[in-house]
Amino acid sequence: LRKLGAALKPMGLSRSLMVVSAAPISRLYSKPLAAGLHAAGFAPSLSLMPNGEQFKNLKTMQSLYQSGVQARLDRKSAVVALGGGVVGDTAGFMAATFLRGVRLVQCPTTLLAMVDSSIGGKTGVDLPSGKNLVGAFWQPEIVWMDLSVLDTLPDREWRTGLAEVIKYGLIADPKILDLLSKTTLTALKKNKNLLQDIVRRSAGIKVKVVTADEKETSGTRALLNLGHTFGHAIETVSGYKSYTHGEAVSIGLCAAMRLGAKLKTFRSSDVERVERLLRQWGLPLRPMHKLPRKQILSAMSRDKKVLDGAFRFVIPVGLGKARVVKGVPQHVIDEVLSEVGL
């Protein structure tokens, strides 16, 4: 973290930077980050946003805009997002829209943010009616990962990040599934080489897909949303309080795999294999309580992959590939939802 300032120095930025974080992360890591920024000649200010997905909203954005004014940011300033996916998405959208766009630096502090949300330029906030419905594509100048920050990550947050890692294994790299099946969370924390390999593999897949389809115009980038149509609906209906993003995605992956099995693109034996892996890593296969079907379908209908009112789903095609399907009969969707307890 202390080295970030030196990395930013050649980029032609203004001295005034704004670090956006949440209190639990700031207490641990804003001081070493700020020390490196000061040493490189920057004058950073710190703006804290409330911690939690339920605060990834327009009200928080208004507060960040005011902080940007007070920090005297200009068009060559940068917003530095120090935190997990919520901080990265919100601070990123602030950078995309303040003064019609200032520079962005992503400094992810969770496994989920490192392998997924900090990469690719998707920024945004939620509305009461759905997740990430307001946002912009805004690429960071740099994504700066310090794996040592994961030493203080709670076990639940490790698992939520690993749901996205398992997703990458399903869509592009089955070797990831093999690696995870042969270790435990305790062992992974100690094996820094294995951890770096898993992060590098996952982040590399995200970079490759985004490079090929930055703004989801060809459909390739949509493959990164395996399990997310179902998962985002679970998050929305439960008010972003009962499940982490990765926990909701885990249930969504179970639904997507079962849909693939019904459409004959994915073997039932592979459904069982991946569900065993999710269970091994303490990730849920079903919701804790049955969620209202009508509300789940309503939330799914607002998914960004929906076109002309028709659902489109990402389904696995064997292990290591995926594709987008449309025109799935409603009775098949209902069967899948019932099988995963929705």
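What volume does the largest cavity have? In this predicted model, the largest cavity has a volume of about 80 Å³. A search of the whole structure finds 1 cavity of 30 Å³ or more. Its lining comprises 11 residues, and those closest to the centre are Lys131, His232, Ala299, Arg302 and Asp303. By class, 3 of the lining residues are nonpolar, 4 polar and 4 charged. Strand E6, residues 130-137, and helix H10, residues 228-237, each contribute at least two residues to this lining.

I turn now to the pockets. The second largest pocket has a volume of about 160 Å³. Ile171, Ala172, Ile205, Lys208, Val209, Thr220 and Leu223 line this pocket. Here the division is 5 nonpolar, 1 polar and 1 charged. Helix H9, spanning residues 192-212, gives the most to the lining, namely 3 residues.

In soluble globular proteins, nonpolar side chains tend to be buried together. The largest nonpolar core in this model holds 89 residues, among which Leu8, Ile166, Leu180, Ile296, Met300 and Phe313 touch the most other members. Helix H11, residues 245-262, provides the largest share of this core, with 10 residues.

Which residues does Met300 contact, leaving aside its neighbours within four places in sequence? Met300 is in contact with Thr229, Phe230, Ala233, Val306, Phe311, Phe313, Ile333 and Leu337, once those neighbours are set aside. Among these partners is Phe313, which, like Met300, is one of the core residues that touch the most other members.

Conventions:
Residues are numbered from 1 along each chain as its sequence is written. This is a predicted model: local features need pLDDT of at least 70, side-chain atom pairs count only at pLDDT 80 or more; totals for chains, interfaces and linings use all residues. Side-chain values use heavy atoms; hydrogens and water are left out. On a 1 Å grid over the protein atoms alone, a cavity is a set of points where a 1.4 Å probe fits but cannot get out, and a pocket is an open set with protein on both sides within 12 Å along at least five of seven lines; lining residues have an atom within 4 Å of a point. Grid points are joined across faces, edges and corners, and a volume is the space filled by probe spheres set on the points. Helices (H or I, at least four residues) and strands (E, at least two) are DSSP runs, numbered from the N terminus. Ala, Val, Leu, Ile, Met, Phe, Trp, Tyr, Cys and Pro count as nonpolar, Asp, Glu, Lys and Arg as charged, and the others, Gly among them, as polar. A nonpolar core is a set of buried Ala, Val, Leu, Ile, Met, Phe, Trp, Tyr and Cys residues joined through side-chain atoms within 4.5 Å. Buried means under 20% relative accessible area, exposed over 50%, partly exposed in between (1.4 Å probe, protein chains only). Contact means heavy atoms within 4.5 Å.
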